[in-house]
Amino acid sequence: MNIGLNRLIAVFMCTVMLFLTVGCTSSNGNGQPDSADGTRTDTGFIVYGPDSYDSEDTPVLVAKDEEAGTMTFLNLTLGKEYTLEYDGTTRFYDKYGEILTLSQIAVGEIVDIRFVKPKKHLTTMSVSNEGWTISNTTRYVIDSARKDVTIGEDVYNISSDACFFSNDKEIEERDLIATDTLTFRGIGTSVYSVVVDNGHGYLRITGQENFVGGWIEVGNKIIQRVFDDMILTVPEGSYQVKISYGGTTSEKRVTIFRNSESKLDFSDVVFEDPKIGTVLFSISPADAELYIDGEKVDYSAAVELTYGLHQLICRAKGYKTVTQYLSVGQASAGIDIGLEKDDANSTDSDDSDNNNSNGTDSNNSSGNNSQTGNSNSQAGNGNGQTGNGNNGQSGNSTDGSNGGSNTGEGDNSNGADNGEGGNDNSGENGDTSGDGTGSGNTTTTTSYYQVHIDAPENVEVYIDGSYVGVSPCSFKKAEGSHIITLSKEGYITRSYTVYVDSDDRDVSFSFVELAVAN
């Protein structure tokens, strides 16, 4: 009995040893058994280690979700996004191979990654050696129509798949405005990501009724005329805000936060009797014309001006027009202005009998743009225009007056438009946009092209800081880049940069609904 049991146990042990021996000699390191003739049989089973990967890519990092342990990337070849998981085995490096933490790799970076595609697991991620970065710059000009950007002296094309980010969230290109501080990343001559380093917020002015027609200064960022109702788009930061009119000046401090609205109330200002200062001008050439706050003045003798800020425009045939701001704060002062020869436009805007005369639009040094364009006039003096807002602009203006003068604010650039003796090709009685007034003897009336804001509905619409109306609404079309600001009580204010073409047609814009404020 015991002998039989012992034999059975011995047979069982031999069988077990035989199976173990076969298992050890018929498999390779990947768990794939070898056949009797020594060839491998693929079972499809793969053992992944911490360094395993089967795919590589050089994408843009577009999102990090630390709670879910995932990251989303944009493939630059296909323009498609995909998401991978990461864990404690995932390693992160800079472009030199030094170890980083995930928090040190920013959204918008161009990265090199290795991952296991079937498991959607990220193995390694490093800042790409292929990519370049231009950080924290305001020396750029984005041309949305041409889809390119000039950064310093270099021009790059903006990829159709380029991503734009603010506070680690994707935004649209038109959410950017010219005063934002940006970081650009790309490969070769293409930009693939743009990150807002210092964005913008909004300053709403109230109680400014007695200052309408005066000036408001926001630090050294903005100098602009005061309107009945206005909301300014301002780079985030802290500023001293000065508002002045008729010799009365008030200053207050404000902090602007990104995508948030701040308010300043000037209703408590007590107006004083205006103080007068005298300014003696020395201008070369001697036949130059001088305009102060849009009105032509005789500077052969001392000019009396109220204390506060004034806009000066000096121009002469064959010379570049000069626009600058004068702050009067003492009883007397002297100002020297020397105009520079303009060889490119030696036939200025005077004594023109044809349809084309050159006007110059320039701005002061407070971060504003300046550019030169053409204005149309017939038989008489042409049109010189200046803007003082963030985007002062002239060009292709057909406004003028017949035998009179037109003094007023530029359409959307808050500048002074001074034309003399030209026919009004727009069919209007002078240009009455902004705060200006026009005079003339036009006999025909034609409609002008408009910009329509269709959506969202029932929100306040501002164009370059000036109130337009409640949407849906429209305003006169003016070619160029403009800032559209949308505001509604209880909602987050938003602004967009739009480009308005010069085509003979109306244009319409629709924007997303405003988000409810927390």
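Biologist: In this predicted model, what percentage of contacts between residues at least 6 apart in sequence join residues at least 24 apart?

Modeller: The contacts considered are those between residues at least 6 apart in sequence. Among them, the share that joins residues at least 24 apart is 55%.

Biologist: Which residues have the most contacts inside the largest nonpolar core?

Modeller: This core has 19 residues. Strands E16 (200–206), E17 (215–218), E19 (230–235), E20 (237–245) and E21 (248–256) each supply at least two of its residues. Val241, leaving aside neighbours within four places in sequence, is in contact with residues including Ile216, Val254 and Leu264. Those with the most contacts inside the core are Leu203, Val218, Val234, Val241 and Phe266.

Biologist: How many residues form the other core, which lies apart from that one?

Modeller: Among the members of this other core are Val279, Ile292, Ala316 and Ile335. The number of residues in it is 18.

Biologist: Is Glu304 buried or exposed?

Modeller: Glu304 is found in strand E26 (residues 303–306). Its relative accessible area is 61%. Exposed means over 50%, and therefore Glu304 is classed as exposed.

Biologist: Which residues does Glu304 touch, not counting those up to four places away in sequence?

Modeller: Leu280 is 24 residues from Glu304 in sequence, with 8.9 Å between their C-alpha atoms. The residues that Glu304 touches are Ile276, Gly277 and Thr278.

Definitions and conventions:
Residues are numbered from 1 along each chain as its sequence is written. This is a predicted model: local features need pLDDT of at least 70, side-chain atom pairs count only at pLDDT 80 or more; totals for chains, interfaces and linings use all residues. Side-chain values use heavy atoms; hydrogens and water are left out. Helices (H or I, at least four residues) and strands (E, at least two) are DSSP runs, numbered from the N terminus. Buried means under 20% relative accessible area, exposed over 50%, partly exposed in between (1.4 Å probe, protein chains only). Contact means heavy atoms within 4.5 Å. A nonpolar core is a set of buried Ala, Val, Leu, Ile, Met, Phe, Trp, Tyr and Cys residues joined through side-chain atoms within 4.5 Å.
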